[in-house]
Structures are given as C-alpha cells and as structure tokens.
Amino acid sequence: MSDKSVGVIVPIYNTSQYLDKCLNSISSQTYKNIKIFLIDDGSTDKNVDKIIQSYIATDARFTTTKIPNSGQGVARNLGIEHFLNIDKTDYILFVDSDDYIDENCIEELINNTDDADFIWFDFRYKFINSKPHNHPTSIENYNLQDKTIISNKDWLELSQNMNLHSFAKGGYYE
C-alpha cells in the first residue's frame with residue numbers, strides 16, 4: 001500500500017442530521033494515512049459542534065476550525081491552504097458534510113492515481129424519502145465509463161460540446 005497522505009476537507013454548515021454518517025464514513029476508511037479538516041462554516045445548529053468535538057476527542061486525525069458563514073468555496077479554500085501549509089499532504093479530497101463515501105474510497109483513489117494531477121470519480125444522488133432513480137451519473141453524461149485517463153484539453157472540449165461548465169451541472173436533482 002502507498003505511503004501517500006490524503007487530506008480530507010469537510011465544509012460544514014447546519015448538517016447535523018447527516019454529519020455523523022459522513023464523518024464515520026471518513027474515519028473508517030481502509031486507507032489510514034489520512035488527515036481530516038472539519039471547517040464549521042458558521043453553523044447555527046449547536047449539534048454540529050457536539051458531533052465535531054466527539055470526533056476530535058477520539059481520533060487524532062481530525063482537526064477543526066470555525067469561521068463566520070462564508071460559503072462552501074471559502075471553507076474549501078481554507079482547507080486547501082491548511083493542507084498546503086500546515087498539515088502537508090500529497091492529495092486533497094473534498095467530502096460534503098451531507099455526503100458519505102464507501103469505506104475503500106480513498107484506498108481506490110490512491111491505487112489509481114499514477115501521476116494524475118486530478119482524479120474525478122462518480123457518485124449517485126440518494127434522496128431521503130424518494131424512490132430510487134437511474135438518471136445518468138456525471139461520468140455517464142460525459143460517456144467516460146471506460147476511460148481511465150483523459151487530458152485536460154479533452155475534458156474541456158467535452159464540457160464545451162455538452163454545454164457543461166462544471167461538475168454540478170452534470171448531475172440531476174429531484
């Protein structure tokens with residue numbers, strides 16, 4: 001197994017109902033060389049702080065900071081700065097606080113990095129109290145299911161041809 005380190009950035013804003021599942025999915029990864037930076041983006045939900053503190057108290061890989069509500073982009077940028085300058089890591093992964101990842105997610109990413117600067121992997125939306133759907137995923141929208149490597153130029157051309165300008169626009173919301 002690789003010795004590469006991974007910094008996981010989790011911006012958090014009022015998501016206590018999902019946060020424990022999210023943080024548990026990160027802490028129970030099969031790949032252990034990770035550091036997790038929790039950024040409380042000015043949550044008004046007091047349960048958020050309780051959940052964060054419980055992970056900080058029991059797992060040294062977790063660190064946290066609280067900032068005035070500034071939005072997910074600001075929180076992510078703060079996390080990037082943290083992993084570039086303080087807890088230096090080889091890779092950075094974003095996980096939203098209302099999402100969770102499979103227990104082997106980071107291990108699979110590390111095993112497939114080669115010399116990539118960026119790894120894009122697929123996801124499916126799951127909504128509470130809604131029926132399952134089979135809308136195409138982002139990678140299916142790009143028709144990249146069988147690709148393992150794509151150049152920046154090819155990705156930009158595909159995005160332009162599909163009139164997609166961000167990953168989020170490839171998804172479906174119900």
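**Notes on the predicted model**

1. Helix α3, residues 72-85, has 14 residues and reaches 20 Å from its first C-alpha to its last, close to the 20 Å expected at 1.5 Å a residue. The expected span of a helix is taken as 1.5 Å times one less than its number of residues. Helices (H or I, at least four residues) and strands (E, at least two) are DSSP runs numbered from the N terminus.

2. The model is predicted: local features need a pLDDT of at least 70, side-chain atom pairs count only at pLDDT 80 or more, and totals for chains, interfaces and linings use all residues. Residues are numbered from 1 along each chain as its sequence is written, and side-chain values use heavy atoms, with hydrogens and water left out.

3. The average pLDDT (the predictor's confidence in each residue, from 0 to 100) is 85 for the protein, and 85% of the residues score at least 70. Contact here means heavy atoms within 4.5 Å.

4. The protein has 6 helices and 4 strands, and from the N terminus on its elements run β-α-β-α-β-α-β-α-α-α. Among contacts between residues at least 6 apart in sequence, 74% join residues at least 24 apart. Buried residues make up 34% of the 174 residues; buried means under 20% relative accessible area, exposed over 50%, and partly exposed in between (1.4 Å probe, protein chains only).

5. Returning to α3, its buried residues are Ala75, Gly79, His82 and Phe83. They lie on the same side of α3, because they cover an arc of only 90° around the axis. The arc is that of the directions from the helix axis to the C-beta atoms. The cover over the buried residues of α3 includes β1, β2, β3 and β4 (91-94).

6. Helix α2 can be read in a similar manner. Its 13 residues should span 18 Å at 1.5 Å a residue, and the end C-alpha atoms are 19 Å apart, which agrees. Val48, Ile51, Ile52 and Tyr55 of α2 are buried; they share one side of the helix, because their arc around the axis is only 100°. On the other side of α2, Lys46, Lys50, Ala57 and Thr58 are exposed. Among the elements that cover the buried residues of α2 are β1, α1, β2 and β3 (62-66).

7. What is found at the start of α2? A side-chain oxygen of Asp45 reaches to within 2.9 Å of the backbone nitrogen of Asn47. Ser43 lies in the loop between β2 and α2, and it counts as buried because its relative accessibility is 5%. Not counting residues up to four places away in sequence, Ser43 touches Ile12, Tyr13, Asn14, Val48 and Lys66.

8. Asn14, one of the residues touched by Ser43, is found in the loop between β1 (6-12) and α1 (16-27). Asn14 has a positive phi of about 50° although it is not a glycine. With a relative accessibility of 24%, Asn14 counts as partly exposed.

9. The largest nonpolar core has 24 residues, and Val8, Val10, Leu23, Ile26 and Ile106 have the most contacts inside it. At least two residues of this core come from each of β1, α1, β2 (34-40), α2 (46-58) and α4 (105-111). Apart from it lies another core, of 6 residues, among them Phe37, Ile39, Ile67 and Ala75. A nonpolar core is a set of buried Ala, Val, Leu, Ile, Met, Phe, Trp, Tyr and Cys residues joined through side-chain atoms within 4.5 Å. In soluble globular proteins, nonpolar side chains tend to be buried together.

10. Leaving aside neighbours within four places in sequence, Ile106 is in contact with Val6, Val8, Gln29, Tyr31, Ile34, Leu93 and Ile101. Val6 lies in strand β1 and, at 5% relative accessibility, counts as buried. Beyond neighbours within four places, the contacts of Val6 include Tyr31, Lys35, Tyr91 and Ile110. The C-alpha atoms of Val6 and Tyr31, 25 residues apart along the chain, are separated by 9.3 Å.

11. Which residues does Cys105 touch, not counting those up to four places away in sequence? They are Gln29 and Phe121. Cys105 is found in helix α4 and counts as buried at 10% relative accessibility. Between the C-alpha atoms of Cys105 and Phe121, 16 residues apart along the chain, the separation is 9.6 Å.

Terms used: A polar contact is a pair of N or O atoms within 3.5 Å; within protein, one must be able to donate a hydrogen and the other to accept it, and residues adjacent in sequence count only if both atoms are side-chain atoms.
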